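Hi,

Here is the structure I promised to pass on.

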Amino acid sequence: QRSEGHPSGKFKLPTHYDMVHYGHSNQLRQAKAMGDFLIVGVHTDAEISKHKGPPVFTQAERYKMVRAIKWVDEIVEGAPYVTTLETLDKYNCDFCVHGDDITLTVDGKDTYAEVKREGRYRECKRTQGVSTTDLVGRMLLMTKAHHSNMDNPDYQQHTDNFGKGPKGHSPWTGVSQFLQTSQKIIQFASGKEPQPGDTIIYVAGAFDLFHIGHVDFLEMVYKQAERPYVIVGLHFDQEVNRYKGKNYPIMNIHERTLSVLACRYVSEVVIGAPYAVGKDLLDHFKVDLVCHGKTEVFPDKDGSDPYAEPRKRGIFRIINSGNNLTTDDIVQRIIENRLQFEARNQKKEAKEMAVIEAMKRREQQEQSGAAAQ
């Protein structure tokens, strides 16, 4: 059943998600709002490498990350790079959704030409201020300009330099500043209050560059109770920088909030949680259990244990998620692939610029044709 006015039934969103971030989650949120059942097709590493360059996460990691996003109903592993009508029919989808940036095959053709022709294509808006290009730039530059309360001449310079070819600038590959609004947080938040009988579990950390290590940890936390209500306390940028150093966090507090809220295991986020998990916080949220992963617990500014109170109450638990991946590991992956990333972005930009030029030429021809008549 396919009604033109209001799309119904299933629909599909094909994606590579070489690095899954809150911009992708926002795309999935918008897509889900267009229909009833969201199937996400995720490409293999081989497909991405052929069309775009090296992905940051492996296909197994990306499949698991996309499954953990709360608006996703089902995923198709190893989805074809070009979405055909045959693919849509195979999975019983009414239409497919993509962002308003252009996606080109390796030979420069629009990946969605066929489904567009048949009217089985919908578009959602790209999230301003985040792209894989931008995040890679923040990692490589080692500046702290992306932290939430800094003036940022460094960031401006990075905007002007990173991920662009020598000529021109594609609006799809470029970098812009992310602006948080209360509306965005409301759209991402579950809005659910804890119910009687729920076990309220509190975890705290940076949750920077939200990745598969975080997903595995939060899934294990979620499994600690029959009816879990998981609250994630996010530390402010300056606090994270105090214990992590370098240019961490790579994502600022606003971006980390959306990243964590998009995860299906999370009910609520404390934006700028105190570093010490003290009496006030535990009593305020009526916390039943406090969890921490296998990573090191850094002492508070005064050298004290931030988990002293939950330990005293006997509600502190160390969780082994079986995944040792850290934000540091991801940054290492990026640095190792740095040259390939830069080449990839320049190639992508060049292809997009060629399409923009062709679109402009077509427009001019149509205008001159209309004028001649």
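**What I found**

Of the 373 residues in the chain, 52% are buried (under 20% relative accessible area, with exposed meaning over 50% and partly exposed in between; 1.4 Å probe, protein chains only). Before you go further: this is a predicted model, where local features need pLDDT of at least 70 and side-chain atom pairs count only at pLDDT 80 or more, while totals for chains, interfaces and linings use all residues. Residues are numbered from 1 along each chain as its sequence is written, and side-chain values use heavy atoms, with hydrogens and water left out.

**Overall picture**

The chain has 15 helices and ten strands; these are DSSP runs numbered from the N terminus (helices: H or I, at least four residues; strands: E, at least two). Among contacts with a separation of 6 or more, 78% are between residues 24 or more positions apart, a contact being heavy atoms within 4.5 Å.

Why is helix H1 (residues 22-32) largely enclosed by the rest of the structure? Ten of its eleven residues are buried, including Tyr-22, His-24, Arg-29 and Ala-31.

There is also an open sheet of five strands, in the order E8-E7-E6-E9-E10 with parallel pairing; two strands pair if DSSP finds at least two bridges between them. Strands E8 (268-271) and E10 (316-318) are the edges, each pairing on one side only. On average, neighbouring strands in this sheet are turned by 25° against each other, direction ignored (axes are lines fitted to C-alpha atoms, for helices over the stretch in contact; angles run from 0 to 180 degrees between N-to-C directions). Strand E6 (residues 199-205) runs parallel to strand E9 (residues 289-292), and three bridges join them. In that pairing, Val-203 stands opposite Cys-291 of E9. Cys-291 is buried at 1% relative accessibility, and Cys-263 is buried with a relative accessible area of 2%. The structure holds zero disulfides (pairs of cysteine sulfur atoms within 2.5 Å).

**Salt bridges**

How many salt bridges does the structure hold? The total is 20, counting a side-chain nitrogen of Lys or Arg within 4 Å of a carboxyl oxygen of Asp or Glu. A few to look at:

- Glu-61 and Arg-333 meet at 2.9 Å, N to O. They link helix H3 (residues 59-67) with helix H14 (residues 327-336), 272 residues apart. Glu-61 is buried at 15%, whereas Arg-333 is partly exposed at 23%.
- Arg-138 and Glu-255 meet at 2.7 Å, N to O. Arg-138 sits in helix H6 (residues 132-141) and Glu-255 in helix H11 (residues 253-261), 117 residues apart. Arg-138 and Glu-255 are both buried.
- Lys-246 and Asp-328 have their closest N and O atoms 4.0 Å apart. Lys-246 is in the loop between H10 and H11 and Asp-328 in helix H14, so the pair ties together parts 82 residues apart in sequence. Lys-246 is exposed at 53%, and Asp-328 is partly exposed at 31%.
- Lys-279, Asp-283, Glu-309, Lys-312 and Arg-313 are linked in a network.

**Asn-241**

Lys-246 turns up again as a contact of Asn-241. Asn-241 is in helix H10 (residues 237-244) and is buried, with a relative accessible area of 16%. Leaving aside neighbours within four places in sequence, its contacts also include Lys-144, His-147 and Tyr-248.

Cheers
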